[in-house]
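Student: I have a new model open on my screen. Could you walk me through how to read its features?
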Amino acid sequence: MSRLKATRTAICTLALLLTGSALSSAGAAGTLTIATVNNGDMIVMRQLSQEFEKAHPDIHLNWVTLEENVLRQRVTTDIAMKTGQFDVVTIGNYEVPIWAKQGWLTEIKPDAAYDVNDILPSVRDSLTADGKLYALPFYAESVMTYYRKDLFQKAGLTMPDTPTYNQIRQFADKITDKGNQVYGICLRGKPGWGENMAYISSLANTFGAQWFDMSWKPTMTSDAWKATLNWYVSALKADGPPGATSNGFNENLALFASGHCGIWIDSTVAGGLLFDPKQSQVADKVGFAPSPKGPYGKGPTWLWSWSLAVPVSSHQSADAQTFITWATSKDYVKLVAAQKGWVAVPAGTRASTYAAPEYVKAAPFASFVLNAIKTADPNGPTAQPRPYTGAQFVGIPEFQAIGTQVGQTVAATLSDQMTVDQALTSAQASITRALRQSGRAR
Amino acid sequence: MALKTKTSTRIGVTVLGWGIALWLFFPIFWMILTSFKSEVQAISTPPKLFFMPTLSSYGEVFERASYWHFALNTVIVSVGATAIAIALAVPAAYSMAFLPSKRTRGTLLWMLSTRMLPPVGVLVPIYLLARNTHLLDTCTGLAIVDMLTNLPIIVWMLYTFFREVPAPILEAGRMDGATRWQEMTMVLLPLALPGIASTALLSLILCWNEAFWSLNLTSSHAAPLTAFIASFSSPEGLFFGKLSAASTLAVAPILVFGWISQKQLVRGLTFGAVK
């Protein structure tokens with residue numbers, strides 16, 4: 001009898017818990033659900049958001065931290081199916097114009113106190129579609145060159161103010177010391193549209209290559225693409241670390257931070273991490289230079305911003321806009337500086353941040369980052385006219401799939417499964433097929 | 001001579017057994033070890049086996065996320081899904097084992113075939129169903145999906161265990177006037193208890209580790225430990241120490257539970273293997 005009672009109690013408790021959980025999901029009014037990624041700046045935002053809740057007692061914040069690709073998938077599903085689970089979403093400048101054109105994002109209209117003109121123009125423009133602002137930048141990044149000053153000094157080398165890719169290759173050859181696990185150059189090799197193809201697209205631009213011609217025909221078999229991939233593959237094979245196809249941003253950051261890379265060309269966001277002695281063993285030996293130039297020299301340049309947007313499916317659009325305005329404001333920058341130090345403030349978004357002498361003093365790489373982002377032009381001209389925008393990506397929805405597929409083909413050249421010519425021919429065929437399937441090209 | 005050969009074979013098998021066990025356990029060991037390293041130590045090349053341990057990763061994990069919230073959701077979903085699945089699977093397996101029809105075999109194979117479908121293939125319809133029934137981001141919704149995912153394998157296992165119970169024992173019960181319900185609850189279930197317990201344990205472990213539906217159907221209220229782990233992966237910045245700490249915290253309860261119940265698990269899985 002007592003066993004029966006215990007079983008009944010257990011079943012009732014379970015039923016109550018499950019029912020309770022079903023009811024709790026409805027979410028209280030005034031609760032904003034924010035979908036974000038686990039980057040350092042976002043973690044700081046989450047920690048400091050208590051200040052926002054204190055100032056806005058009617059608004060409670062509910063955080064959902066997801067892995068980057070899961071976040072994209074969840075947010076896309078949520079918006080497309082009009083579920084309204086998220087009130088604020090963290091997305092990049094790749095998604096903003098595409099989603100805005102789909103009618104998925106709410107137009108943002110900050111008040112005068114927000115000083116929207118303080119946001120760096122290149123960043124602001126990348127979040128604008130048809131003259132309307134659809135997201136506010138939380139932090140932004142471009143590309144720059146990191147190098148080991150001690151290794152350069154030892155080899156009698158000097159990094160020029162505007163290095164070229166030919167020079168970079170020569171420097172890498174000289175400082176490579178594989179016996180001591182010091183590799184002249186580290187570059188992204190992990191396949192993915194946001195991993196190796198972000199760097200390779202940027203490299204291709206300065207070599208005079210581009211993804212498509214004006215009739216959306218891929219141009220992967222062009223001489224410029226061959227030159228791009230030949231440089232990339234030969235540099236990594238001669239002077240790169242072993243297993244380069246496994247190395248994305250984080251892996252290269254780890255290699256450089258632990259003293260295994262001589263030169264690394266990647267996102268400006270790494271500056272703060274490499275300069276932090278808690279995370280980097282080479283904090284006092286890091287040198288900075290602009291992104292190298294290739295034979296074409298010009299071309300669109302890398303620009304990425306993690307931004308906060310409000311999906312149209314949100315039922316609390318006004319509160320959501322209040323929050324994103326707070327999180328990207330000048331006052332928020334000051335709050336981070338006061339609580340976490342100037343080196344921790346979100347970089348690359350506001351001119352006023354770079355005008356603060358405390359920030360310039362705390363972050364010696366600040367001028368390089370500012371210059372890289374100020375001059376970043378994802379809409380810049382390629383060697384031939386092009387029908388798309390974007391520097392390290394192509395601003396069309398198909399690019400995530402295309403980029404990842406081509407990224408895998410490029411990775412195959414590093415592991416000697418394919419030659420450069422074979423890879424480019426294969427990429428040409430797969431892109432043509434993908435664009436035909438999507439109806440963009442005939 | 002024969003004794004010598006026997007001893008050396010035994011030693012060889014023991015060494016091989018330990019070798020395989022250590023090889024299988026190594027990733028878990030390395031994860032636990034990494035969770036006690038600083039982020040710089042976690043990514044050092046060559047990897048460090050000896051180092052000054054730190055609890056900093058655990059500290060950050062507890063600071064950033066509410067572990068107990070995720071753990072409670074996991075317990076509710078796993079126990080709930082397992083309880084419902086067992087309640088549905090016992091009568092199903094009973095009828096298939098003791099009252100088979102010409103379609104029983106086909107039905108069993110069809111049930112199992114649903115496990116062969118990649119989950120993403122039914123993501124959109126299940127997501128829409130969950131949305132329309134207001135079960136998105138609820139433990140109930142996730143428990144139902146987990147239960148349905150594991151139901152085929154549970155029915156199969158129980159069917160196999162029930163088939164091992166000699167039919168004359170049930171007949172004897174019937175002769176004594178037991179109804180179908182009494183026959184099932186008072187004769188069959190006590191006899192097949194080790195099998196049912198091991199099936200429930202397996203279901204619990206599968207639900208605990210389930211990630212695809214957890215990540216797609218929950219966001220904050222009902223997010224279980226798999227979502228907790230995923231939230232520590234970062235596209236920019238070092239995270240291996242924190243990710244290892246989060247993973248260790250997530251697997252620890254089920255690991256301990258599995259350790260304690262391993263006798264029952266093995267007894268259940270080998271139930272009826274030797275007559």
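Tutor: Happy to. Let us begin with strand pairing: two strands pair if DSSP finds at least two bridges between them. Helices (H or I, at least four residues) and strands (E, at least two) are DSSP runs, numbered from the N terminus. Here, A:Tyr183 stands opposite A:Cys261 in S9(A).

Student: Before we go on, what should I know about the model and its numbering?

Tutor: This is a predicted model, in which local features need pLDDT of at least 70 and side-chain atom pairs count only at pLDDT 80 or more, while totals for chains, interfaces and linings use all residues. Residues are numbered from 1 along each chain as its sequence is written, and chains are lettered from A and ligands numbered from 1 in the order in which they are written.

Student: How many bridges join S8(A) to strand S9 of chain A, and do they run parallel or antiparallel?

Tutor: Strands of a sheet pair through backbone hydrogen bonds, either parallel or antiparallel. In this case S8(A) and S9 (residues 261-267) of chain A are parallel, joined by 3 bridges.

Student: In which order do the strands of that open sheet come?

Tutor: The order is S8-S9-S7-S10 (chain A), 4 strands with mixed pairing. Strand S8 (183-186) and strand S10 (286-290) of chain A are at the edges with a single partner strand each, so one side of each has no neighbour in the sheet. From one strand to the next, the twist averages 20°.

Student: Which helix lies across S8 and S9 of chain A?

Tutor: For angles, axes are lines fitted to C-alpha atoms, for helices over the stretch in contact, and angles run from 0 to 180 degrees between N-to-C directions. Two residues are in contact if their C-beta atoms, placed from the backbone, lie within 7 Å. Helix H7 (residues 165-175) of chain A is the one, running at about 145° to S9(A).

Student: How many residues does each chain give to the contact between chain A and chain B?

Tutor: Chain A gives 38 residues and chain B gives 36 residues. On the side of chain A that touches chain B, H1(A) has the largest share, 7 residues.

Student: Where is confidence lowest and highest in chain B?

Tutor: Here pLDDT is the predictor's confidence in each residue, from 0 to 100. Helix H14 (residues 262-269) of chain B is lowest, at a mean of 70, and helix H4 (residues 67-98) of chain B is highest, at 94. Chain B has a mean pLDDT of 88, with 94% of its residues at 70 or more. For the complex, the predictor gives an ipTM of 0.74 and a pTM of 0.81.
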